[in-house]
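This report describes the packing of one protein chain.

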Amino acid sequence: MVYAKVFRRYFFNLLMTINKIITNVTKLNLPPIFVPIAHFLLSLYYKYCGLSPCTVDLDDQTTMHFWISNHKRHGRPNLVLIHGCGGDARWQFLPQIGSLSKSFNIYMPDLLFFGESYTKNKDRTPRYQAKCIMEGLKKGFGVKKCTVYSISYGGWVGYSMAEMYPCVVEMNVIVSCGVGTTVDQKQDQLIRVGKQLEEVLEVVVPKDPDAIRLLVQKAVYKYDLTKWAPNFILWEFIKTIENKNRKEKEELMKCVMFEDADSKISALSQETLLVWGDQDYFFPKEIGHQLQRKLGPKSRLMIIKETGHAINIDSPKELNELIKSFVFGQLDR
């Protein structure tokens, strides 16, 4: 018993010493280590799934970066995956890409100012994002028909693509998105995060480890992915990823959070699948029902139980099955 107490005390002191050493080392502003390793491993996995990175220069102002299937198979539908905030496309679709890449020709863009996509244009609307993605798909890869799957902030972009290009976007999947809400609705929901409204951007585009933890805590229902993550790794993520084009990302968020134009949406001509988690903290399922009413009779809403805002993290298998059943005509109403 005495030895056990001594061992626990020794082990605790050792952990505290290691933590102090790591904390002091990170204050030296050394080059990032963990995020580059993570990017390398993520890229290896996507290549294992049959995808490759590609860059398309739309003009002298705008560059779009994609991950696409190496071999386009004519028997498979084209699926465009549009991510939300937090990292680039590789980070957000990691739990889904293995399954989806077996059923679809994948086109996975980084949104402007995320990952390697960038523009000098001052337009921050979702419609401009939609325009750039579509131009990249046509100019870079000759895509003529596709299904769009978009999540969270990406849902605003996905809706715009379906509205602007009805002859190209055949089917549409929107997940956990506030498109169609008024400014008052969006602000009421964002304030629930526990911050003053003017501080919400510091959570949506995190500025410190506490902001990342709060964002994940509110977005993910089943798993607290940052609970055991050391601060120095979260700081590296912020400095390497979140601080890249921070001003532009904040402008993107202001455009959808504080403007009312997107509340006046109209019904889409495409069959549209809406997917919501029943524990969505940011946009509760009532928002999903509201969006379904606005989109009209060609839309349907599916609710996944015990799932939060980040369905791609909480319930990726269930979400994949819904997407595949919807596209291949096997989803019961």
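## Helix α12

A residue counts as buried when its relative accessible area is under 20%. The model discussed here is a predicted one. By this criterion, helix α12, which spans residues 285-295, has the buried residues Ile287, Gly288, Gln290, Leu291 and Leu295. Viewed down the axis of α12, these residues lie within an arc of 160 degrees and therefore line one face of the helix.

The cover over the buried residues of α12 includes the helices α6 (153-164) and α7 (183-191), together with the strands β7 (169-175), β8 (271-277) and β9 (299-304). After α12 comes glycine 296, with a positive phi near 95 degrees.

## Nonpolar cores

The largest nonpolar core comprises 64 residues, and Ile133, Leu137 and Met161 have the most contacts inside it. Helix α5 (residues 126-141) supplies the largest share of this core, namely seven residues. Another core, of 28 residues, lies apart from it; Met108, Ile151, Ile311 and Leu319 are among its members.

Beyond its neighbours within four places in sequence, methionine 161 is in contact with Ile82, Ala130, Ile133, Met134, Leu137, Val148 and Val169. As a general rule, nonpolar side chains in soluble globular proteins tend to be buried together.

## A nonpolar surface patch

On the surface, a nonpolar patch is formed by Ile33, Phe34, Ile37, Phe40, Leu41 and Leu44, whose accessible area together is about 580 Å². Phenylalanine 34 belongs to helix α2, residues 34-48. Its relative accessibility is 37%, so phenylalanine 34 counts as partly exposed.

Methods
Residues are numbered from 1 along each chain as its sequence is written. This is a predicted model: local features need pLDDT of at least 70, side-chain atom pairs count only at pLDDT 80 or more; totals for chains, interfaces and linings use all residues. Side-chain values use heavy atoms; hydrogens and water are left out. Buried means under 20% relative accessible area, exposed over 50%, partly exposed in between (1.4 Å probe, protein chains only). Helices (H or I, at least four residues) and strands (E, at least two) are DSSP runs, numbered from the N terminus. The arc is that of the directions from the helix axis to the C-beta atoms. Contact means heavy atoms within 4.5 Å. Patches are made of residues with over 30% relative accessible area and no salt bridge: like charges are joined within 9 Å, nonpolar side chains (Val, Leu, Ile, Met, Phe, Trp, Tyr) within 5 Å. Accessible areas come from the Shrake-Rupley method with a 1.4 Å probe; for residues, only the protein chains shown count as cover. A salt bridge is a side-chain nitrogen of Lys or Arg within 4 Å of a carboxyl oxygen of Asp or Glu. A nonpolar core is a set of buried Ala, Val, Leu, Ile, Met, Phe, Trp, Tyr and Cys residues joined through side-chain atoms within 4.5 Å.
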